[in-house]
Amino acid sequence: MNDAQQKVFAALDHFRIELPSWGFANTGTRFGKFIQPGAATTIAEKFADAGMVNKLTGVAPTVALHVLWDLPKGEGSINPNLFQDQAYKFGSLCNPNPAIRKQATDHMIESVRIAKALGSRDISLWLSDGANYPGTQSIQRRIGWLTEALAATHSELAPNQRLLVEYKPFEPAFYFTDLADWGMAYTLAKQAGPQAVVLVDTGHHALGTNIEQIVAWLLKLNALGGFHFNDRKFADDDLTLGSIDPYQVFRIFHEIHAHTASGGTSDIAYMIDQSHNLKGKMEAMVQTVATAQELYARAALIDQTRLTELQDACALVEAEELFRNAFYTDIRPIVQAWRTSKGLPADPLAALKESGYVDTISRQRAAKNASSGGSYA
Ligand code: LRH
Ligand code: MN
């Protein structure tokens with residue numbers, strides 16, 4: 001095996017990515033949703049679809065669950081839902097009404113208990129809390145209430161569990177969100193306790209933000225808990241990974257490989273968080289897993305020792321060429337060889353088509369999905 005094959009095989013041997021249960025369900029935008037006959041509605045169907053993606057790719061053994069969406073009555077990471085209940089109009093953990101803050105904190109604690117019951121390690125918190133107009137809410141008092149709630153949640157964690165704190169600068173709130181950027185998430189996580197870390201959703205940054213620099217900081221601070229991977233052209237578009245800017249994901253993976261090469265340690269949950277509104281949901285999920293593998297392996301091609309020499313010698317063009325060449329190296333034949341070596345289909349998307357799985361679930365689920373209308377509201 002040559003150097004490139006060794007690096008790609010070594011990278012793929014440990015790369016695993018978690019699937020979002022909601023990626024198999026009918027989702028849309030505020031302007032509506034287009035029903036797919038094969039979409040999953042029950043937890044059993046979501047697990048079946050995720051199981052098929054793992055059978056085809058071999059690297060997606062866990063499913064992230066959304067408490068209210070998947071466990072109406074009660075695993076991968078567990079995602080509390082603090083954005084659907086009417087009570088949360090003015091916020092959940094940050095709501096000025098102490099009774100509503102208690103309701104939300106109780107849901108967080110319940111989510112930790114569900115995770116314990118399911119043997120899930122990570123509780124992945126995203127807050128829709130914020131405000132739409134200046135002067136209408138106290139940013140400062142809400143910081144205090146959020147700090148209290150995260151401390152209460154942290155104290156519920158089992159020794160092996162983690163609280164992943166996800167930030168987002170806007171939507172559904174459009175003036176400020178209470179957990180808007182990595183600095184706020186990091187500060188709140190550190191104040192909550194040692195088992196709280198930061199989750200980077202690649203769609204949750206103002207345009208132009210250097211996301212890999214944030215990743216580099218969180219690695220240095222030993223606070224990078226995981227990713228929600230997706231892609232976007234404008235906002236939190238939740239498009240499929242690498243569909244708009246594959247170089248972005250490559251640059252992120254490079255920071256992780258560079259950190260490891262310099263002796264750094266990390267404990268990163270790679271997860272997908274996408275909304276498959278138009279693409280077939282199974283196809284989009286298999287495509288995403290394959291793309292993540294390829295970009296992770298391509299970044300692993302970089303000779304970190306040589307790059308370090310060139311960077312520190314300020315040999316700008318040589319360093320950039322070494323960096324870019326890895327990105328432009330077509331490693332798909334090596335990735336296919338790795339899959340074959342594991343008894344997996346060389347081309348999982350083609351294997352999905354040959355399996356007829358999508359036709360089967362579309363037949364089985366068409367009637368049920370037809371009755372669930374297309375309007376979002
Ligand atoms: C919010 C978010 C969050 C999930 C939701 C499905 O935009 O990224 O991670 O709970 O999408
Ligand atoms: Mn997310």
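Student: On what basis are residues, chains and atoms treated here?

Tutor: Residues are numbered from 1 along each chain as its sequence is written, chains are lettered from A and ligands numbered from 1 in the order in which they are written. In this predicted model, local features need pLDDT of at least 70, side-chain atom pairs count only at pLDDT 80 or more, and totals for chains, interfaces and linings use all residues, while side-chain values use heavy atoms, with hydrogens and water left out.

Student: How many salt bridges does a search of the whole structure find?

Tutor: Side chains of opposite charge can pair when their charged atoms come close. A salt bridge is a side-chain nitrogen of Lys or Arg within 4 Å of a carboxyl oxygen of Asp or Glu. The search finds 19 of them. In one, the closest N and O atoms of lysine 102 and aspartate 106 are 2.5 Å apart. These two residues stand 4 residues apart in helix α4 (residues 98-118), so about one helical turn separates them. Helices are DSSP runs (H or I, at least four residues), numbered from the N terminus.

Student: Are glutamate 294 and arginine 339 buried or exposed?

Tutor: Buried means under 20% relative accessible area, exposed over 50%, and partly exposed in between (1.4 Å probe, protein chains only). Glutamate 294 and arginine 339 are both buried, and their side chains meet in a salt bridge (4.0 Å, N to O). This pair links distant parts of the chain, 45 residues apart: glutamate 294 belongs to helix α9 (residues 281-300) and arginine 339 to helix α12 (residues 332-341). By contrast, lysine 102 is exposed, at 51%, and aspartate 106 is partly exposed, at 36%.

Student: Which residues surround ligand 1?

Tutor: A residue is near a molecule if one of its heavy atoms lies within 4 Å of it. The residues around ligand 1 include Trp22, His66, Glu166, Lys168, His204, His228 and Asp273.

Student: Where does ligand 1 have polar contacts with lysine 168 and histidine 204?

Tutor: A polar contact is a pair of N or O atoms within 3.5 Å; within protein, one must be able to donate a hydrogen and the other to accept it, and residues adjacent in sequence count only if both atoms are side-chain atoms. A polar side-chain atom of lysine 168 lies 2.9 Å from an oxygen atom of ligand 1. For histidine 204, a side-chain N or O atom is 3.2 Å from a ligand oxygen.
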